Amino acid sequence: MIPSATELLAWYDRHRRVLPWRAGPGEARDPYRVWLSEVMLQQTTVAAVAPRYARFLARFPTIEALAAADWAEVAEEWAGLGYYARARNLHACARAVAAAGRFPNDREGLAALPGIGPYTASAVAAIAFDEAVVPVDGNVERVTARLRAVEDPLPGAKPRLTAIAARFMEDPAARARPGDFAQALFDLGATICTPRSPACGLCPWRDACDARRAGIAETLPRKAPRRARPLRHGAHFLLRDAAGRLLLRRRPEKGLLGGMLELPGTPWRDAPWPEAEALPHAPLPAPWRLLPGIARHGFTHFELEMVLYAAALPPRAVGPAGEWIAPADAARALPSVMRRLLALAPGESAPR
DNA sequence: TAATCGTGGCA
DNA sequence: TTGCCAAGATT
């Protein structure tokens, strides 16, 4: 049975989620806002994005404002959201668009920009420009895998699921409203066709769903098993000057936490750091004292345990490389892993 | 193709 | 506590 775009859109018109980045029915869509929301939502939950989207937009209301900003401002605004290459690409993308004088208005032009891959190019093209394409995110993978009972595991099954999704646009009802159709699929995946305990009885496509008929909906899509995450260790240094400011430094542009601020520290390695091995990595010689406690943080592919040494800037010390930042500003500008470390120091942490 | 790249919430 | 998961992109 062929799923009906008409029925999905009718369901969407009644049950669509109200989200800060969504234009109301008939309301004009701002490509900048659509693009910003799509980048923020990459691998990030709606709940986490909502307040950060509003804050980002208040600080950078237009793509020109974003293009004109310094990287340090953008980094501070993105701190805590994770996947920091998104922020670097966002900034580079804004500058490219501002220089070109216009936002690309089709999928192909969008896909040529930094940080815009197959999904985001299709999503912006569909939602902002009503191009007849179907963006394939995790929701659409799940919906299509179940609809056609695709039992091949991801990511290998991705091309097949993409082909299934593309055929949705053969329905004239979908072609009439590509942006709404894409968002209807997102909402279906987020509220009905959920990863666990899907609400098949409420699904507008229940009669067309092969996995439901076979009784295997909840087991799809299948995924290749993940590898275990190793445990790594680091030691970091909290240095205060006479004014109570903290010494931070900026990480290299590429790689983990690229371009973000951090507390100076050792590399992160498999073995813990005995004091004698850690102290040579301090920003300067000082009577460092080990603070009680261990900060633990989970990254995508490894776990990290960190200890923190603290000291005051010795009188007449030669200024170490880095930036002196007031504690409140530091807490705002640091990525979460560094905030966790800061929480080991009494009085230095602050709510984001 | 497979690894890298964050974070917070939830079962 | 641990593993899974979220509107993926890049190399």
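Helices (H or I, at least four residues) and strands (E, at least two) are DSSP runs, numbered from the N terminus. The model is predicted, with local features needing pLDDT of at least 70, side-chain atom pairs counting only at pLDDT 80 or more, and totals for chains, interfaces and linings using all residues. Residues are numbered from 1 along each chain as its sequence is written, and chains are lettered from A and ligands numbered from 1 in the order in which they are written.

**Exercise 1. Describe the overall build of chain A and its division into domains.**

Step 1. Chain A has 16 helices and seven strands, and its C-alpha trace spans about 75 × 45 × 30 Å along the principal axes.

Step 2. Taking a residue as buried if 20 or more other C-beta atoms lie within 10 Å of its own, exposed if 12 or fewer, and partly exposed in between, with C-beta atoms placed from the backbone, 37% of the 352 residues of chain A count as buried.

Step 3. Two residues are in contact if their C-beta atoms, placed from the backbone, lie within 7 Å; among contacts in chain A between residues at least 6 apart in sequence, 65% join residues at least 24 apart.

Step 4. The chain is divided into domain 1 (5–219) and domain 2 (231–342), with bounds that come from an automatic or database domain assignment. The centres of domain 1 and domain 2, taken over C-alpha atoms, are separated by 37 Å. Eight residues from domain 1 and 10 residues from domain 2 take part in the contact.

Step 5. On the side of domain 1 that touches domain 2, helix H5 (71–78) and helix H6 (85–100) each supply at least two residues, and H5 gives the most, with three residues.

**Exercise 2. Compare, by residue class, the surfaces near DNA strand C and DNA strand B.**

Step 1. A residue is near a strand if its C-beta atom, placed from the backbone, lies within 6 Å of it. Ala, Val, Leu, Ile, Met, Phe, Trp, Tyr, Cys and Pro count as nonpolar, Asp, Glu, Lys and Arg as charged, and the others, Gly among them, as polar.

Step 2. Around DNA strand C there are 30 residues, of which Leu41, Gly117, Tyr119, Thr120 and Asp137 come nearest. At least two residues of this surface come from each of helix H2 (31–40), helix H8 (118–129), helix H9 (138–147) and helix H12 (178–191). By class, the surface near DNA strand C holds 12 nonpolar, 13 polar and five charged residues.

Step 3. Around DNA strand B there are 20 residues, and Gly82, Thr300, Pro335, Ser336 and Val337 come nearest. Strand E5 (295–298) and helix H16 (336–342) are the elements that give two or more residues to this surface. The surface near DNA strand B has nine nonpolar and 11 polar residues, but no charged residues.

**Exercise 3. Is H9 largely enclosed or open, and which elements do its buried residues pack against?**

Step 1. Because nine of the 10 residues of H9 are buried, this helix is largely enclosed by the rest of the structure. Among the buried residues are Asn139, Glu141, Arg142 and Arg146.

Step 2. The buried residues of H9 pack against helix H10 (158–166), H12 and helix H13 (210–214).

Step 3. Just after H9, alanine 149 takes a positive phi of about 50 degrees.

**Exercise 4. Trace the largest nonpolar core and the surroundings of leucine 341.**

Step 1. A nonpolar core is a set of buried Ala, Val, Leu, Ile, Met, Phe, Trp, Tyr and Cys residues joined through C-beta atoms within 7 Å. In the largest one, which has 93 residues, Val124, Ala182, Leu185, Leu308, Leu334 and Leu341 touch the most other members. H8 provides the largest share of this core, seven residues, and each of domain 1 and domain 2 contributes at least three residues.

Step 2. Leaving aside neighbours within four places in sequence, leucine 341 is in contact with His236, Leu263, Ala295, Met306 and Leu308.

Step 3. Alanine 295 stands opposite methionine 306 in E6. Strands pair if DSSP finds at least two bridges between them, and E5 and strand E6 (residues 303–312) pair in the antiparallel sense over four bridges, with a hairpin of four residues joining E5 to E6.
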